[in-house]
Amino acid sequence: FKCCPITVEGFAFMWAGARTNYGFTKGKVAFETKILEQLNVNHLPAEETSRHVVRVGVSTDSNTMQLGEEKFSYGYGGTGKSSQECKFEDYGQTFGSGDVIGTYIDFESDPIEISFSKNGEDLGKCFEVETASLEGKALFPHILSKNCEFECNMGQREEPWFPLKEGYVFANDVPEADRTRGSLPPAKKEDCEVVMMCGLPGAGKTVWATKYAAEHPEKKVNVL
């Protein structure tokens, strides 16, 4: 499937995240992400230098869409950095339009090992996650994009872009009984909720919104 973030006006300053409906707790699971077009954002000011970036990885169902910025949220970005809890470290290589990034989660290892590849080249271990620390939570494939169109291969393609590392299977090939279903969306539009904050700078809008999101985790509020 392909995804394309909104880039009109101020949305071009923002990251857009997507996470799969199913997560995993066992086996050796993989998926591929191909970076497609760098979308036109010429309306951004010259001082905005970080215009086109993609971050790939995994997170739990309880994490926000900001991959790599919280505990149990693990990302590898096009700037050649790994990220977890907003801690950025050098890893692998930079990547961009035309590149294919493979994400590998080895639940058979203890601690769990998360690694990546670029265009079929194994970049080695990136993260280790203590199995007990997850407390049974599943890890879900997750992509975060800033002004880049991308395509994911969970195994639905007839052929992968690059062969998987030995012993790994695509997410789609894991039996449904061995997957973990993520949170279901609202059943109808009337159940959705939008809160628009209005007020002067420094009035406490962000504080209120952050507190509201934390107090209602079941709503999975996305703060823009």
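Colleague: Why is Asn147 called buried?

Modeller: Buried means under 20% relative accessible area, with a 1.4 Å probe and protein chains only; Asn147 is at 1% relative accessibility, so Asn147 counts as buried. This is a predicted model, where local features need pLDDT of at least 70 and side-chain atom pairs count only at pLDDT 80 or more, while totals for linings use all residues. Residues are numbered from 1 along each chain, and side-chain values use heavy atoms, without hydrogens and water.

Colleague: Which backbone oxygen atoms does the side chain of Asn147 reach?

Modeller: One belongs to Ala12, at 2.9 Å, and another to Arg51, at 2.8 Å. A polar contact is a pair of N or O atoms within 3.5 Å; within protein, one must be able to donate a hydrogen and the other to accept it, and residues adjacent in sequence count only if both atoms are side-chain atoms.

Colleague: What else is Asn147 in contact with, beyond its neighbours within four places in sequence?

Modeller: Contact means heavy atoms within 4.5 Å, and the partners of Asn147 include Pro5, Thr7, Glu37 and His52.

Colleague: What makes the lining of the largest pocket nonpolar, polar or charged?

Modeller: Ala, Val, Leu, Ile, Met, Phe, Trp, Tyr, Cys and Pro count as nonpolar, Asp, Glu, Lys and Arg as charged, and the others, Gly among them, as polar. By those classes, the lining of the largest pocket has 25 nonpolar, 14 polar and 10 charged residues.

Terms used:
Buried < 20%, exposed > 50% of the residue type's maximum accessible area, 1.4 Å probe, protein only.
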